[in-house]
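Hi,

Here is the structure I promised to pass on to you. Please open it next to this email, and my notes will follow below.

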Amino acid sequence: MTRLRQIMLEELERRNYAPSTIGAYLRTVEHFARYFRCPPDRLGTEHIRQYQAAMFRTWKLSPNTVTQRLAALRFLYIQVLQRGWSVAETPYPKKVLRLPQILSQQEVARLIDAAEPPFHRVLLMTLYATSARRAEVARLKITDIDSERMVVQGDTKTP
């Protein structure tokens, strides 16, 4: 492990980044360096711009993936190398927002029926019936369910 990679890892861990984010950021910096065959501390804004263009043109990455990779490079340059970062010179791509796909009642029924263990079926039925979030359903207790009135009560809000 290079010294620069070790410093970046320590900075990410100090800020309590998620393990998946840490992995993605480290892989991005490694790929960036390999793409130019040069250590990232020797690369500058023009290299970042070229890399950003390659992400769209060559690798056909989605705007959201490009944004994540730019965030990794931004973290490297600002937090690890303590250099400036110009959003004007390396703008984030326009965010792609997709509307959720609404399932028909038949599709929902097939989804629930496909769940093998009864526990998974109950979870899916509860999610569908209550419109609760996954985390809210995960924290439900038996005492939160009023079987007589067929309602879910109690505090199911996320903290």
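Which residues does Leu73 touch, not counting residues up to four places away in sequence? The partners are Thr28, Val29, Phe32, Ile48, Tyr51 and Trp85, where a contact means heavy atoms within 4.5 Å.

Before the rest, a word on the ground rules. This is a predicted model, in which local features need pLDDT of at least 70 and side-chain atom pairs count only at pLDDT 80 or more, while totals for chains, interfaces and linings use all residues. Residues are numbered from 1 along each chain as its sequence is written, and side-chain values use heavy atoms, with hydrogens and water left out.

**Overall layout**

The protein has seven helices and two strands, in the sequence order α-α-α-α-α-α-α-β-β. These elements are DSSP runs numbered from the N terminus, with helices being H or I of at least four residues and strands being E of at least two. The radius of gyration is 23 Å, whereas a compact globule of 159 residues would have one near 15 Å. That radius is taken over C-alpha atoms, and the globule rule is 2.2 Å times the number of residues to the power 0.38. The C-alpha trace spans about 70 × 35 × 30 Å along its principal axes.

Of the 159 residues, 27% are buried; buried means under 20% relative accessible area, exposed over 50%, and partly exposed in between, with a 1.4 Å probe and protein chains only. Among contacts between residues at least 6 apart in sequence, 42% join residues at least 24 apart.

**The core**

Back to Leu73, then. The largest nonpolar core has 25 residues, and Leu73 is one of those that touch the most other members, along with Met8, Leu12, Phe32, Ile48, Leu76 and Tyr77. Such a core is a set of buried Ala, Val, Leu, Ile, Met, Phe, Trp, Tyr and Cys residues joined through side-chain atoms within 4.5 Å. Two or more residues each come from helix H1 (3–14), helix H2 (19–36), helix H3 (45–57) and helix H4 (63–80). H4 gives the largest share of this core, with eight residues.

Gln52 sits in helix H3. Why does Gln52 count as buried? Because its relative accessibility is 9%. Leaving out residues up to four places away in sequence, Gln52 touches Val66, Leu70, Thr90, Pro91 and Pro93.

Gln101, by contrast, is in the loop between H4 and helix H5 (105–114), and it counts as exposed because its relative accessibility is 68%. The two glutamines, Gln101 and Gln52, are 49 residues apart along the chain, and their C-alpha atoms are separated by 30 Å.

**Two backbone angles to look at**

Most residues other than glycine have a negative phi. Asn16 is not a glycine, yet it has a positive phi of about 60°. Asn16 lies in the loop between H1 and H2 and is exposed, with a relative accessible area of 68%. Ser131 also has a positive phi, near 60°. Its place is the loop between helix H6 (118–130) and helix H7 (134–138), and Ser131 is exposed as well, at a relative accessible area of 64%.

Happy to talk any of this through.

Best wishes
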